[in-house]
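Please read it alongside the sequence and the 3D view.

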Amino acid sequence: MTRNATLTFDGRTIVLPVIEGSEGELALDISELRARTGLITLDPGYGNTGACISKITFIDGEKGILRYRGIPIEQLAKHSTFTETAWLLIHGRLPTRTELAHYRDRLTYHAPLHEAFKHHFEGFLVDAPPMAILSAMVNTLSCFPRHSNEAQPTTEEGEFYEESTRLISKVRTIAAYSYRRSMGLPFIYPDPKLPYIANFLHMMFSMPYEQHIASPEVVDALNLVLLLHADHEQNCSTSTARVVGSSQANLFASCAAAVGALWGPLHGGANVAVLEMLEQIHEGGLSAEQSIKLAKDPKSGFRLMGFGHRVYKNFDPRAVILKEAADKVLGQLGVKDPLLDVARQLEEKALSDPFFIDRKLYPNVDFYSGIIMRAIGIPTNMFTVMFAIGRMPGWIAQWKEQHADGKLKIARPRQIYIGNRRTEYLPIDQRK
Ligand code: ACO
């Protein structure tokens, strides 16, 4: 049954179609609103604006549900790996054993960077922020097309399959090299014998004279962190990838722009901000009560980083999984981190405080991810880069979906102008 909504404005009533998603989500289709009424909608921050119709990720923020291609995040966290989940997001279903084996081969094949990349890395100052390097280098991949004599992919999706696999593979090499550059260390080539995550850790931490072989616990923990970040529907960075992609910019340019959007502390940069906050609280000897009091005072300029979410208004299912994982990983590795205790106390106090309850502020994915990454030896300035590696499959899947139906529409919002009305140009000698 088709559903409609009516809108009355200036004595005239129009009927607008209501679109229903497969989970019963409803949206008012206003695509003809302006043509029929002269009105536009105003929604700063797009909190109530659906920018696309998508089959990739479902979130119910009230119920704390997150599913990739219909599969609950809890099941993927338990049974899947980051590379399998990447395939699922990008290609729409779980891969067969043969498809997954082929994917892993191609990821290994694409891991090395063209030697000319080294010159680009060397141009950065030693302490350049790794997110700046990552964004620049992802964009630079556009300048290095695949060689025409490379073995052709064996799936029907052909060129896109290979390009997207190349990006998923190379982003981890670029990430590791950006860290090596920031430390003034020599670059370590990928090892074709190592799988995706172990290979990344090898490129990060091996020395020319000593190979770093990560323990299975560390590999599993990083797998989980990356998998939980792999997509989150139309968040700030994904929307950026879609906006850039909407102008027919290529996949690499679109994902490089998404890296920039992810960098900020209100989005992916929150994982660094959380750790810095926990350190400050710990080193400053602040109690959980004092910290919560500060966070509630709008004049203090202090927010509880890793708390609150635009979409989740009950709990973030990724935070629940990571809280449990933090306990397990730290236990397995024998790491005692006082910051984990600080985080637990903050969470406990905040969750029973009316300010946080009324505003529906709960720990988000970033609250515990930093503690896990710290425990497995990832340096703080690489946290947001890790998020970017994790989110890459999501950006790619969304870019692909946007281009798939052949109806690409350039993103071009409107505005309500509140500036000067017509004003005459004043020659410079008449200006005061
Ligand atoms: N600490 C204290 N107060 C907060 C927090 C917080 N972390 N988050 C929101 N609030 C308060 C605001 O001050 C505001 O209060 P008011 O109504 O009295 O003015 C109210 O809650 C609503 O906050 P908004 O900023 O309007 O909520 P919005 O949905 O726009 O923002 C956001 C969501 C950006 C995530 C916000 O909660 C925040 O800044 N959190 C901390 C940063 C963070 O953890 N970001 C990571 C998000 S998850 C991700 O990107 C992976």
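The model is predicted. Helix α6 spans residues 130-140 and is largely enclosed by the rest of the structure, because eight of its 11 residues are buried.

- The buried positions of α6 are P130, M131, I133, L134, S135, M137, V138 and T140.
- Buried here means a relative accessible area under 20%.

**Ligand surroundings**

- The ligand is surrounded by 19 residues, and the closest of them are H267, R303, L304, G306 and F307.
- The side chain of R303 places an N or O atom 2.6 Å from an oxygen atom of the ligand.
- H267 has a polar side-chain atom 2.9 Å from an oxygen atom of the ligand.
- For L266, the atom concerned belongs to the backbone: an N or O atom lies 3.2 Å from a nitrogen atom of the ligand.

**The cavity**

- One cavity of 30 Å³ or more is found when the whole structure is searched.
- The space in the largest cavity amounts to about 50 Å³.
- Its lining consists of L113, H114, E115, F117, K118, Y177 and Y189.
- By residue class, the lining of the largest cavity comprises four nonpolar residues, one polar residue and two charged residues.

**The second largest pocket**

- The second largest pocket holds about 530 Å³ of space.
- A total of 21 residues line the second largest pocket, and those nearest its centre are A77, L224, I321, A325 and K328.
- Helices α2 (73-79), α9 (216-228) and α14 (317-333) each contribute at least two residues to the lining of this pocket.
- Helix α14 provides the largest share of the lining, with eight residues.
- The lining of the second largest pocket divides into 11 nonpolar, four polar and six charged residues.

Methods
Residues are numbered from 1 along each chain as its sequence is written. This is a predicted model: local features need pLDDT of at least 70, side-chain atom pairs count only at pLDDT 80 or more; totals for chains, interfaces and linings use all residues. Side-chain values use heavy atoms; hydrogens and water are left out. On a 1 Å grid over the protein atoms alone, a cavity is a set of points where a 1.4 Å probe fits but cannot get out, and a pocket is an open set with protein on both sides within 12 Å along at least five of seven lines; lining residues have an atom within 4 Å of a point. Grid points are joined across faces, edges and corners, and a volume is the space filled by probe spheres set on the points. Ala, Val, Leu, Ile, Met, Phe, Trp, Tyr, Cys and Pro count as nonpolar, Asp, Glu, Lys and Arg as charged, and the others, Gly among them, as polar. Buried means under 20% relative accessible area, exposed over 50%, partly exposed in between (1.4 Å probe, protein chains only). Helices (H or I, at least four residues) and strands (E, at least two) are DSSP runs, numbered from the N terminus. A residue is near a molecule or strand if one of its heavy atoms lies within 4 Å of it. A polar contact is a pair of N or O atoms within 3.5 Å; within protein, one must be able to donate a hydrogen and the other to accept it, and residues adjacent in sequence count only if both atoms are side-chain atoms.
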